[in-house]
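Here's a quick briefing to read alongside the structure. Have the chain open in your viewer before you start.

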Amino acid sequence: MTFDVVVIGAGAAGLAAARLLRDAGKKVVVLEAKDRIGGRVWTAYPWRDALAVEWGAQVIHDCDEVDKLWPIKKWPRTKVYWKGSFGRGKEFRYFFDGRWITGDENRGRMGMAMTSTEAIVGRCEPNGSVADVIKDWSLREQHAAAAEVEAVYAVDPAHLSAQSVVSDAKSWGRYRGDYRLAGPYESVIRDLADSLQIHLGDPVVQIARRVDPAKIITHAGCEYVARNVISTLPLGVLKARAVVFDPPLSQGRQEAIEKLGMGNVVKVAIRAQPFWRNLEYATSRCSIPTWWPAGSSGPGTAVLMGWAGGKSAKALAGLSSRNIIGEIRRSLRTLFPNHPQISDDDIKFWNWSKDEFSRGAYSHVPPGAEACRKTLAAPDRNWLHFAGEATHERFPMTVTGAVLHD
Ligand SMILES: Cc1cc2nc3c(=O)[nH]c(=O)nc-3n(C[C@H](O)[C@H](O)[C@H](O)COP(=O)(O)OP(=O)(O)OC[C@H]3O[C@@H](n4cnc5c(N)ncnc54)[C@H](O)[C@@H]3O)c2cc1C
């Protein structure tokens, strides 16, 4: 089978690229390892009822380019602002060192720690890691800052370049809130995929071009021939060298792959009567530190989402499912001591480090790797191109970065 372009991966990046090329008149095929499209955008129905759970991306971050990003359809969406207010309406709650932080403490460094990683790092151009920036803070302030960093960047502050936080903040600009889609995130993915040629359920194992054109070989032994290849393989998959490049990738690219970091997230979903009442967001030092309601929680059954990122996710990685459920229960007991009984069936989780086709949640820049996204994004020879969240210099880690090509 001969194509102008073979795109590897049917996540947001692969579908957006294939769509652009198809609209430009190119003969394109998308090869996907899993038996579904979407990659790290994954709307699941774990209870086989109408309750949807977003195991991957949940919001669309607002930025100047948001309309460029979603030009094909105005999906119904609502704006949410994470204001960090302690008010009586929607409530943020912070539990550190055995007690809830009060609204009065939401200032100074504690206020910065609880507001955003950008606020933690400040507007200077610091070298080193985020942990270096906060090393003289009180232990409680450091805990609050670490919880924020792990909730956003999915990495221990010691492994996150402070400079990369400053440059991300410049790209996003002033915080403008996020969009929550009124329906499932998969609707965006379905629209991107509409009428594209996509082959599911067969991982690519080799991309070879000793002589023109390139040959792409899958696990099932299918061969695709193309003049150009776009790889949207997640950074975790590239790090694991799960796909053979022949000839091998350039040394510079391989070094960039090794230097960039792939953070991890264990995402949790609890089905229950909304015992969390007016909670908007809670964070803590529990095994599952961060919690928020999945959507509007009215009467009846709803979903509470939990998040362990970075170090917290790493601590769960070696545990059995039974023990992870034990840790989830322990976190719930600490933060919501009066919650009603929850059966094991009402507790679901997804550990992204165990996902063979992403091997982690999303990328980050460790100290010293600030130039590596650019290296990763550059074409390797004139026929092999790279896309995906880890390659985007301005909006990495997000669906925005995966979809935008610039
Ligand atoms: C828990 C979590 C929460 C997130 N929350 C948000 C959020 O709220 N907002 C936001 O904007 N972003 C969020 N993100 C990040 C966002 O989901 C990703 O940045 C984005 O979806 C990445 O898209 P991609 O196309 O680059 O990669 P992917 O979606 O990972 O696509 C790559 C595809 O390649 C496939 N693949 C892998 N190996 C092979 C192979 N050998 N052969 C063929 N195919 C292969 C994979 O199966 C996958 O489908 C979140 C991510 C996670 C994990």
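Predicted model: local features only at pLDDT ≥ 70, side-chain atom pairs only at ≥ 80, totals over all residues.

In secondary structure, you're looking at 14 helices and 22 strands.

**Overall shape and packing**

- Along the principal axes, the C-alpha atoms sit in a box of roughly 65 × 50 × 40 Å.
- Of the 406 residues, 44% are buried.
- Take the contacts between residues at least 6 apart in sequence: 71% of them join residues at least 24 apart.

**Helix 1 with helix 8**

- Two packed helices are described by the angle between their axes and the distance between those axes.
- For helix 1 (residues 12-23) and helix 8 (residues 186-193), the axes come within 9 Å and cross at roughly 30°.
- Angles under 35 degrees count as roughly parallel, so helix 1 is roughly parallel to helix 8.
- The crossing of helix 1 past helix 8 is left-handed.
- On the helix 1 side, the contact uses Ala12, Leu15, Ala16 and Arg19, while helix 8 brings Ile189, Leu192 and Ala193.
- Sorted by class, the contact between helix 1 and helix 8 has six nonpolar residues, one charged and no polar.

**Helix 3 with helix 6**

- Here the axes of helix 3 (residues 108-115) and helix 6 (residues 139-152) come within 7 Å, crossing at roughly 15°.
- That angle makes helix 3 roughly parallel to helix 6.
- Helix 3 also passes helix 6 in a left-handed crossing.
- Helix 3 puts Arg109, Met110, Ala113 and Met114 into the contact, and helix 6 answers with Glu141, Ala144, Ala145 and Glu148.
- By class, the contact of helix 3 with helix 6 comes to five nonpolar, three charged and no polar residues.

**A look at Ala162**

- Ala162 belongs to helix 7 (residues 162-172).
- Is Ala162 buried or exposed? Ala162 is buried, because 24 other C-beta atoms lie within 10 Å and 20 or more is the cut-off for buried.
- Leaving out residues up to four places away in sequence, Ala162 touches Val121, Pro126, Gly128, Ser129, Val130, Asp132 and Val133.
- Ile8 is another matter: 154 residues from Ala162 along the chain, with 32 Å between the two C-alpha atoms.

Terms used:
Residues numbered from 1 in each chain as written. Axes fitted to C-alpha atoms, helices over the stretch in contact; angles between N-to-C directions. Helix = DSSP H or I, 4+ residues; strand = E, 2+ residues; numbered from the N terminus. Parallel < 35°, antiparallel > 145°, perpendicular 65-115°, else oblique. Left-handed = near helix turned anticlockwise from the far one by under 90°. Contact = placed C-beta atoms within 7 Å. Nonpolar A, V, L, I, M, F, W, Y, C, P; charged D, E, K, R; others polar. Buried ≥ 20, exposed ≤ 12 C-beta atoms within 10 Å, placed from the backbone.
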